[in-house]
Amino acid sequence: QNPYNLNSYAAFGEGYYNVTSDLKLTAGLRWTDDQKHFVEIPSELLTNGFGYPSTGTIDQEWREFTGRFVANWSPKIPFTDQTMLYASYAHGYKAGGANPPGAVLLSYGTGDITNPTHPTTFAPEFNDAFELGTKNTLLNGAVTFNGNIFYYDYKGYQISQIVDRTSVNLNVDTTSWGAELEATWEPVPGLKFGFNGGYE
């Protein structure tokens, strides 16, 4: 057992502005305050005596601003019924935390076996996400065609691995990018073909 308390507070808002009849801007901002209190209790293997004594407590707090900005453009294109092009940027955040401590082993005399140690804590994760995309309908609604490309830049990406029978979180910097495509075609009422594909 590793009991912990989490208190999370947030305030957020979003605004919209129509620059022209076919260009809309969206902006959002969020403030988050995450507070975590952990009681560190290691598991024990082949140990004399009673109980699982605590090795201490860990208190953590993060206060972060996140947000997003989106531009939607809906131009009139002769060969489509309706088209929307969009571009977006978002800055995201995920709180860090504390890892379970390593197991406490019973040892006799001296030897090479020591108690395993884990990183005590792991840091918050941040992501800067960029996306460009389009959504379209054609042939009086019989065809839809949507696609997008994206790029995610992570700082402190949180990844878990199993160590000593428990899950330990680590932080790495990484990027992810790719594209997605979605299309449908309804040649006659009641008969529809669809395609979804992606590359990452």
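**Burial first.** I began with burial: 27% of the 200 residues of the protein count as buried. I am working from a predicted model, so I looked up the confidence next. The protein averages a pLDDT of 91, and 93% of the residues score at least 70. Strand β9 has the highest confidence, at 98, while strand β3 (residues 44–45) has the lowest, at a mean of 68.

**Overall make-up.** How many helices and strands does the protein have? I found zero helices and 12 strands. The radius of gyration is 25 Å, well over the 16 Å that the globule rule gives for 200 residues, so the protein is more spread out than a compact globule. I also took the spans of the C-alpha trace along its principal axes, which come to about 85 × 40 × 30 Å.

Next I checked contacts and surface. Among contacts in the protein with a separation of 6 or more, 59% are between residues 24 or more positions apart. The protein exposes about 13300 Å², and carbon and sulfur atoms supply 57% of that area.

**Strand pairing.** I followed the pairings from β4 onward. Strand β4 (residues 56–73) pairs with strand β5 (residues 82–94) in the antiparallel sense, over seven bridges. In this pairing V70 stands opposite S88 of β5.

Which strand does β5 pair with over 13 bridges? The partner is β9, again in the antiparallel sense. I noted two of the facing residues here: L85 has T134 of β9 as its bridge partner, and Y86 stands opposite G133 of β9. As a reminder to myself, side chains in a regular strand alternate between the two faces of the sheet.

From β9 I moved on to β10. These two strands run antiparallel and are joined by 13 bridges. K135 stands opposite N146 of β10 in this pairing. So far, then, I have β4 paired with β5, β5 with β9 and β9 with β10.

**The β9–β10 turn.** β9 and β10 form a hairpin with four residues between them. I looked at L139, N140 and G141, each of which I found in the loop between β9 and β10. The strands on either side are β9 (125–138) and β10 (143–163).

Most residues other than glycine have a negative phi. L139, however, has a positive phi near 55°, and N140 also has a positive value near 55°.

G141, at 43%, counts as partly exposed.

I then asked what G141 faces across the chain. The C-alpha atoms of G141 and W185 are separated by 8.8 Å, although the two residues are 44 apart along the chain. That brought me to W185, which turned up again among the rings.

**Aromatic rings.** The structure holds nine aromatic pairs. I opened the pair of Y154 and Y157: their ring centres are 4.9 Å apart and their planes lie at 70°, so the pair is edge-to-face. W185 and F193 form a stacked pair instead, with 5.7 Å centre to centre and 25° between the planes.

W185 counts as partly exposed at 43% relative accessibility, and F193 counts as partly exposed at 45%.

Methods. Residues are numbered from 1 along each chain as its sequence is written. This is a predicted model: local features need pLDDT of at least 70, side-chain atom pairs count only at pLDDT 80 or more; totals for chains, interfaces and linings use all residues. Side-chain values use heavy atoms; hydrogens and water are left out. Buried means under 20% relative accessible area, exposed over 50%, partly exposed in between (1.4 Å probe, protein chains only). Two strands pair if DSSP finds at least two bridges between them. pLDDT is the predictor's confidence in each residue, from 0 to 100. The radius of gyration is taken over C-alpha atoms; the globule rule is 2.2 Å times the number of residues to the power 0.38. Contact means heavy atoms within 4.5 Å. Accessible areas come from the Shrake-Rupley method with a 1.4 Å probe; for residues, only the protein chains shown count as cover. Rings of Phe, Tyr and Trp (its six-membered ring) pair if their centres lie within 6.5 Å; planes under 30 degrees apart count as stacked, over 60 as edge-to-face and the rest as tilted.
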